[in-house]
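Thanks for asking me to go through this one with you. Here are my notes, point by point, to read alongside the model.

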Amino acid sequence: TQVQGKELSYNNYNDTDAAYECVAEFAEPALVILKHANPCGVAVAANMADAWDTALACDPVSAFGGIVALNRTLDEATAAKISTIFTEVIIAPDASPAAQALLAKKKNLRLLLTGGLPDPAQAGATFKSLAGGFLLQSRDAGRITPADLKIVTQRAPTEAEIADLIFAFRVCKHVKSNAIVYAKNRATIGVGAGQMNRVDSARIAAWRGKEAGLDFASCVVASDAFFPFADGLEAAISAGASAVIQPGGSIRDAEVIAAADSAGIAMVFTNMRHFRH
């Protein structure tokens, strides 16, 4: 239900759906900031206000004019923080009366309340029109748990790294390929989206995060598809990554694993790729 704001545009619908699908991946309180179909900040936290602060820190420049999705009720404190920057749409299961009253001052801001969340594991289909036809394929309902991970390096990831790896890979599912996501303490610190090669995604994500002043030491990195060469992994290692999650399956997997072992980092394979287009 649209509670307030201007009429939703085509892009608003598309981006809002993408943001809400992403935030639904997390059982804990989570918030997603999305711009042009790609998350530019995602965080899990004890409350929505903290999640907003941490998600915004990932890329405060791109957040301007973005979509904000929450998987919990929007409270007044969080609404006040979000309202300090220009936001196109906020979508949440619900919003407190105080939050709604505060946002009502922003006449053009679109507030959508859904009463629930999508199921990220639900089967379905996606449709795309083509010149003279269309593409129909099954929905990406893939979900990775710690039990699914295959450790392929000499060093195994720590429990804290595993939690961050799972978080990063779930975010990566919702980033346009070639997708690279750096994360730390279950928050994104760098997102590389839609580049024509994976090494550029790794470099751009690190550059944007470090430009925002974030600490990449002992972070983790997720790749939505395998590293075809070691160069993408080496870029992530140079950025500060200590653990990596990727599908595996390249003919050069042995070369990539050797690069990880040489650097002393941990790497796990999921045997599942996302490859969002």
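Strands here are DSSP runs of E with at least two residues, and they are numbered from the N terminus. Please keep in mind that this is a predicted model.

1. Let me start with Asn-271, which is found in the segment after strand 14 (266-269). Its phi is near 60°, a positive value in a residue other than glycine. Asn-271 counts as exposed, because its relative accessibility is 73% and the cut-off for exposed is over 50%.

2. Arg-186 also deserves a look at its backbone: phi is near 55°, again positive in a residue other than glycine. Arg-186 sits in the loop between strand 10 and strand 11 (188-192), and is partly exposed at 31% relative accessible area.

3. Asn-178 belongs to the loop between helix 5 (159-172) and strand 10 (180-183).

4. How do helix 6 and helix 7 run relative to each other? The axes of helix 6 (residues 198-211) and helix 7 (residues 230-239) come within 8 Å and cross at roughly 15°, so the two helices are roughly parallel. The crossing of helix 6 past helix 7 is right-handed.

5. Now the charged pairs: the structure holds eleven salt bridges. One of them joins the side chains of Lys-81 and Asp-53 at 3.2 Å, N to O. This pair links distant parts of the chain, with Lys-81 in helix 3 (residues 76-82) and Asp-53 in helix 2 (residues 48-58), 28 residues apart.

6. Arg-208 and Asp-59 meet in a salt bridge as well (3.1 Å, N to O). Here Arg-208 of helix 6 is paired with Asp-59 in the loop between helix 2 and strand 4 (66-70), 149 residues apart. Arg-208 is partly exposed at 21% relative accessibility, whereas Asp-59 counts as buried at 10%.

7. Arg-203 is exposed, at 51% relative accessible area, and Asp-200 is partly exposed, at 29%. Elsewhere, salt bridges that share partners join Glu-25, Arg-143 and Lys-173 into one network.

8. Finally, Phe-127, Phe-134 and Leu-136 form a nonpolar patch on the surface, with about 380 Å² of accessible area together. Leu-136 lies in strand 8 (residues 133-138) and is exposed, with a relative accessible area of 59%.

Methods: Residues numbered from 1 in each chain as written. Predicted model: local features only at pLDDT ≥ 70, side-chain atom pairs only at ≥ 80, totals over all residues. Heavy atoms only, no water. Patch = residues over 30% accessible without salt bridge, like charges linked within 9 Å, V, L, I, M, F, W, Y side chains within 5 Å. Areas by Shrake-Rupley, 256 points an atom, 1.4 Å probe, with all protein chains shown as cover. Salt bridge = Lys/Arg side-chain N within 4 Å of Asp/Glu carboxyl O. Helix = DSSP H or I, 4+ residues; strand = E, 2+ residues; numbered from the N terminus. Buried < 20%, exposed > 50% of the residue type's maximum accessible area, 1.4 Å probe, protein only. Axes fitted to C-alpha atoms, helices over the stretch in contact; angles between N-to-C directions. Parallel < 35°, antiparallel > 145°, perpendicular 65-115°, else oblique. Left-handed = near helix turned anticlockwise from the far one by under 90°.
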